[in-house]
Structure formats: structure tokens, C-alpha cells
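Hello,

Here is the structure you were waiting for. My notes follow below it.

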Amino acid sequence: MQVPSGSPVLRNARRIVVKVGSSLVTNEGRGLDAEAIGQWSEQLAALVKDGREVIMVSSGAIAEGMKRLGWTQRPREVHELQAAAAVGQMGLAQMYETKLRENGVGSAQVLLTHADLADRERYLNARSTLLTLLGLSVLPVINENDTVVNDEIKFGDNDTLGALVANLVEADALIILTDQRGLYTADPRRDPQAQFVHEAKAGDPALELMAGGAGSSIGKGGMITKIVAAKRAAGSGASTVIAWGREPDVLLRLAQGESIGTLLVAQTAKTQARKPPPCVLPTSPASRNSLPQDASCWLARSPRSTPPTPAPPA
């Protein structure tokens with residue numbers, strides 16, 4: 001595939017969701033990597049000061065909890081995973097708050113579940129809160145609320161959460177930082193003929209055939225979850241970049257339009273994504289609070305879909 005000379009997708013993006021995985025945040029499970037989190041926080045702060053609106057979706061609570069509890073293997077019992085998440089979330093939030101504050105940016109912790117985004121009122125409340133925080137130049141740090149859910153811990157991943165957050169706030173771009181440099185046409189560890197994919201269309205069925213399964217005992221994701229997440233994010237007009245999280249100044253260079261990693265371009269423009277689709281509202285009591293497949297249905301009909309503009313600082 002042709003190597004792009006540079007893309008305006010990230011250079012022109014004003015609202016960006018960044019997702020970073022467990023293996024990066026916790027240095028392959030050895031505990032929170034303060035140096036790496038500090039470097040990302042420095043870049044995030046620079047983007048905020050440049051006028052960008054940035055949200056961080058960070059894995060790592062369970063892995064950090066395992067380290068603090070002295071567990072060397074990821075437990076299988078849900079209650080043990082929930083306990084590890086509760087222990088680890090304390091350190092994760094504290095680390096981001098400290099590193100962002102050192103760079104002059106305030107932060108906020110937001111814990112979400114997929115159920116929060118499937119309930120009409122909670123969806124709109126989460127959206128209003130996040131947009132208000134962005135308006136205050138506060139950087140939200142989001143993680144799955146693993147202590148109160150079970151299905152997500154067993155089967156889910158924060159790649160999906162990152163895409164859902166991109167939909168929620170109508171982000172321009174989703175950046176997924178991972179321990180791989182991007183997508184290859186095949187597993188380069190097994191196929192010497194595998195070629196790097198520099199750019200492709202988000203949602204292209206061929207991409208899912210290229211991607212493999214989860215490859216880490218620390219996290220639950222894999223390249224396939226990132227490809228699916230990019231497809232989901234594209235539904236609201238957000239393009240996705242999958243890049244190596246330890247690339248020097250990766251966020252700043254991407255924001256400047258440099259070609260790093262794999263760019264999956266959304267085929268739906270944001271102006272088209274915002275158009276309200278035909279909306280069939282739930283009628284039965286059991287489904288009245290269910291979120292339609294296209295959440296913009298709620299946004300188009302709710303007077304609370306746009307939060308009040310924060311008052312300027314005194």
C-alpha cells in the first residue's frame with residue numbers, strides 16, 4: 001500500500017480521544033510506568049494548551065491492582081478481577097492527576113460502563129459532563145468501571161470503550177496507542193511477506209481478516225478489537241490511528257500531520273453523521289430507556305444534548 005506523505009485528518013482534528021492499553025500503562029504488568037505516563041501527559045497537556053479538546057481512555061486498573069496485590073497471573077474469577085480493579089484504580093487515577101498537574105492541566109476521573117451508554121438518560125448525562133469538562137479545559141481520564149460489571153471484564157475491552165466515547169462526544173479522531181506499530185496484512189512474526197498497512201478505509205471487511213486475536217496476558221484486546229473499534233468510531237465520522245505508544249512524541253507528531261502507524265479513515269463525514277436518522281422510540285416499559293442503534297437519535301431529540309457553555313474563569 002502507498003505510504004502517505006502526511007494526513008490532514010489528525011492535523012485538523014480539534015476533539016481527540018486517546019486510548020492507551022494495559023501493557024503500555026503498566027510496562028507489561030510490572031506496575032504503572034510513571035515515565036511513560038509522564039511523557040503522554042506532557043504531550044496531552046501540550047495539545048490542550050494548543051486549543052485541542054482531549055480525552056484519555058486508559059486501561060491498567062486491573063493490571064496495577066494485580067501488581068499491588070502480588071498476583072503474577074490474571075485471575076479468572078470475576079470477584080477477584082473486580083477487587084483488583086478497585087485496588088488498581090486508586091493508583092491509576094493518582095498517577096494521571098499528578099503527571100497532568102505537573103504539566104499545568106487539570107484532570108477528572110470518569111468511570112463508565114457499556115450500560116451507561118445504553119441508557120438514554122445516563123448517555124446524555126455522560127455526554128453533558130464530558131463536554132462541560134472539555135469546555136473548562138479539564139482533561140477527562142476515562143476507564144471502564146470494572147468493579148460493578150462482569151461481562152466487560154470477561155469479554156470486553158477498552159478499545160471498544162474508546163470508540164464509544166468518540167461517538168459520545170462526536171470526536172474528530174480516535175488514537176489507539178498500543179504495543180504494536182500498527183496493522184500488517186498478516187502476522188509479521190509468522191509471515192515474512194507481511195506488509196505494513198499505512199492507510200485504509202475504516203470498516204473495510206478485509207481489515208478484519210488481516211487482524212489476529214489477543215496476544216497479551218495483561219490486557220484483553222488485540223488488533224481485531226482495534227479494527228472493530230475503528231469501524232465503530234467511523235460511524236460518527238471519527239478516523240482512527242493505531243500507533244506504537246512508545247514512539248517518541250507520538251501524539252504531538254500525529255497532531256502535526258505526520259504519518260505514524262496505521263490510519264483508518266472514516267468514510268462518513270461528521271456533518272453527515274450528525275443528521276438525525278429516522279428514530280423509532282421504544283414503546284414498552286422494559287425498553288423505554290434503551291438506546292437505539294444510532295445514538296444520534298437521542299441527541300437530535302433531547303434538549304439536554306448540548307450542555308450549557310461554562311462561564312469564563314474570573
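**Strand pairing around β4**

Strand β2 (residues 53-58) is joined to β4 by 2 bridges, and the two run parallel. M56 stands opposite V141 in β4. Please keep in mind that this is a predicted model.

On the β3 side, 6 bridges join β3 to β4, again with the strands running parallel. Here A108 stands opposite P140 in β4.

Strand β4 itself covers residues 139-144 and is mostly covered: 6 of its 6 residues are buried. In a regular strand the side chains alternate between the two faces of the sheet. In β4, L139, V141 and N143 point one way. P140, I142 and E144 point the other way. Both sets are buried.

**Around β9**

Which strands pair with β9? One is β5 (residues 173-178), in the parallel sense over 6 bridges. L174 has T240 in β9 as its bridge partner. Another is β10 (residues 262-265), joined to β9 (residues 239-244) by 3 bridges. That pair runs antiparallel. V241 has L263 in β10 as its bridge partner.

Strand β9 is largely enclosed by the rest of the structure, because 5 of its 6 residues are buried.

**Helices α4 and α5**

Two packed helices are described by the angle between their axes and the distance between the axes. Helix α4 (residues 61-69) and helix α5 (residues 78-102) pack at about 95 degrees, with axes 6 Å apart. Angles of 65 to 115 degrees count as roughly perpendicular, so α4 and α5 are roughly perpendicular to each other.

Which residues make the contact? From α4 they are A61, I62, E64, G65, M66, R68 and L69. From α5 they are L81, A84, A85, V87, G88, Q89, G91 and L92. By class, the contact has 9 nonpolar, 4 polar and 2 charged residues.

The buried residues of α4 are A61, I62, A63, E64, G65 and M66. Just after α4, G70 takes a positive phi of about 80 degrees.

S23 is found in helix α2 (residues 22-25). Is S23 buried or exposed? The cut-off for buried is under 20% relative accessible area. S23 has 11% relative accessibility, so S23 counts as buried. The side chains of S23 and D179 are joined by a polar contact of 3.2 Å.

**The chain overall**

The secondary structure comes to 13 helices and 10 strands. The chain has 314 residues, and 52% of them count as buried. Take the contacts in the chain with a separation of 6 or more: residues 24 or more positions apart account for 74% of them.

Best wishes

Methods
Residues are numbered from 1 along each chain as its sequence is written. This is a predicted model: local features need pLDDT of at least 70, side-chain atom pairs count only at pLDDT 80 or more; totals for chains, interfaces and linings use all residues. Side-chain values use heavy atoms; hydrogens and water are left out. Helices (H or I, at least four residues) and strands (E, at least two) are DSSP runs, numbered from the N terminus. Buried means under 20% relative accessible area, exposed over 50%, partly exposed in between (1.4 Å probe, protein chains only). A polar contact is a pair of N or O atoms within 3.5 Å; within protein, one must be able to donate a hydrogen and the other to accept it, and residues adjacent in sequence count only if both atoms are side-chain atoms. Two strands pair if DSSP finds at least two bridges between them. Axes are lines fitted to C-alpha atoms, for helices over the stretch in contact, and angles run from 0 to 180 degrees between N-to-C directions. Angles under 35 degrees count as roughly parallel, over 145 as roughly antiparallel, 65 to 115 as roughly perpendicular and the rest as oblique. Contact means heavy atoms within 4.5 Å. Ala, Val, Leu, Ile, Met, Phe, Trp, Tyr, Cys and Pro count as nonpolar, Asp, Glu, Lys and Arg as charged, and the others, Gly among them, as polar.
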